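Please prepare a careful briefing on the model shown below, with the points grouped by topic and the cut-offs stated where each term comes up.

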Amino acid sequence: HKSGPSFGALTAHWVNERCKLCTASYNSRVEEADVIWINSQDPLDEDSYTTLMRHLARARPDARIINHPNHYNAYHRDDVFEHLSRAGVSVPRFSFSDKDRGVTTVIYKMQGCQAAPKTLEIYQGERKGYRAFEFIDSRGSEGLYRRCRTFYLIGLVRPSKLMASNHWNVCLKHKTDLYYTFTMTDEEIRQVKLIADALRIEYFAVDFLRRHSDDAPFFTDVNIYPTIRSVTKKINQKRDY
């Protein structure tokens, strides 16, 4: 990881402070490790990939590698929505024709980076450096747009938070309320596991939207380098989700 806070070092610190089952090291002791957790901002650039593969060459053959570099950038592939759709994951419509021009409301999202800029527009055709997918109206009964985030770790699915905002792009900068009590459906849990299988990654956070008309889930964003609990200024648990 080349910039920003090192969550890997913090995670290793707290494992060693609190865990009675194992110890953790940060960028060392690869040869001794039973489990090696690749924990770097995605997508990996070529230099980072090469460095990681060089370190992994020293690992024991039976070491478990979480989020292998060969699959680390899977979400950033140009065809990822198509790939997930074929695997049975519910994603927004991503294929458009001339009939959609000037008619269909879409989100253009910049490719190849996290916290990617997004714009809500009427479809005007393909745009270099951006992925277009159909806008999902995620408003709940109270009229606020909703975005759910959940964590996946080696087969376990853990709801993280539900965010609600009066802005279509539900994120903290848009005065978002946070709820840590929302419940996932069996179908939502099943689809998170499908994402893990399809992308061949074992730790990530995934965001999904519940459609206004029927609460059907649509999965939009995968983050391979999430914090365990996001920094927040306000925690609101008044409503029961």
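Phe-133 is buried, because its relative accessible area is 3%, where buried means under 20% relative accessible area, exposed over 50% and partly exposed in between, for a 1.4 Å probe and protein chains only. This is a predicted model, in which local features need pLDDT of at least 70 and side-chain atom pairs count only at pLDDT 80 or more, while totals for chains, interfaces and linings use all residues. Residues are numbered from 1 along each chain as its sequence is written, and side-chain values use heavy atoms, with hydrogens and water left out.

**Aromatic pairs**

- Phe-81 and Phe-133 form a tilted aromatic pair, at 5.5 Å centre to centre and 45° between the planes; rings of Phe, Tyr and Trp (its six-membered ring) pair if their centres lie within 6.5 Å, and planes under 30 degrees apart count as stacked, over 60 as edge-to-face and the rest as tilted.
- Because Phe-81 lies in helix α3 (residues 80-86) and Phe-133 in strand β5 (residues 130-134), the pair ties together parts that are 52 residues apart in sequence; helices (H or I, at least four residues) and strands (E, at least two) are DSSP runs, numbered from the N terminus.
- Phe-81 counts as buried, at 2% relative accessibility.
- By this ring rule, the count comes to nine aromatic pairs.
- The rings of Trp-37 and Tyr-203 have their centres 4.9 Å apart and their planes at 75°, so this pair is edge-to-face.
- That pair links distant parts of the chain, with Trp-37 in strand β1 and Tyr-203 in strand β9, 166 residues apart.
- Tyr-203 is buried, with a relative accessible area of 5%, whereas Trp-37 counts as partly exposed at 37% relative accessibility.
- Trp-37, Phe-151 and Tyr-203 are linked into a cluster by ring pairs.

**Sheet and hairpin**

- Five strands form an open sheet in the order β8-β7-β6-β9-β10, with antiparallel pairing, where two strands pair if DSSP finds at least two bridges between them.
- The edge strands, each of which pairs on one side only, are β8 (177-179) and β10 (217-223).
- Strand β6 (residues 145-153) pairs with strand β9 (residues 203-210) in the antiparallel sense over six bridges, and Phe-151 stands opposite Ala-205 in β9.
- Strands β9 and β10 also run antiparallel and are joined by six bridges, with Leu-209 opposite Phe-218 in β10.
- In the hairpin of β9 and β10, which has six residues between the strands, Asp-215 takes a positive phi near 65°.
- Seven of the seven residues of β10 are buried, so this strand is largely enclosed by the rest of the structure.

**Largest pocket**

- The largest pocket is lined by 34 residues, of which Ser-25, Tyr-26, Asn-27, Ile-36 and Trp-37 lie nearest its centre; on a 1 Å grid over the protein atoms alone, a pocket is an open set of points where a 1.4 Å probe fits, with protein on both sides within 12 Å along at least five of seven lines, and lining residues have an atom within 4 Å of a point.
- At least two lining residues are supplied by each of α1 (7-18), β1 (35-37) and α2 (46-56), and the largest share, six residues, comes from α2.

**Cys-22**

- Cys-22 lies in the loop between α1 and β1 and is partly exposed, with a relative accessible area of 41%.
- Cys-22 and Asp-215 are 193 residues apart in sequence and 41 Å apart in space, C-alpha to C-alpha.
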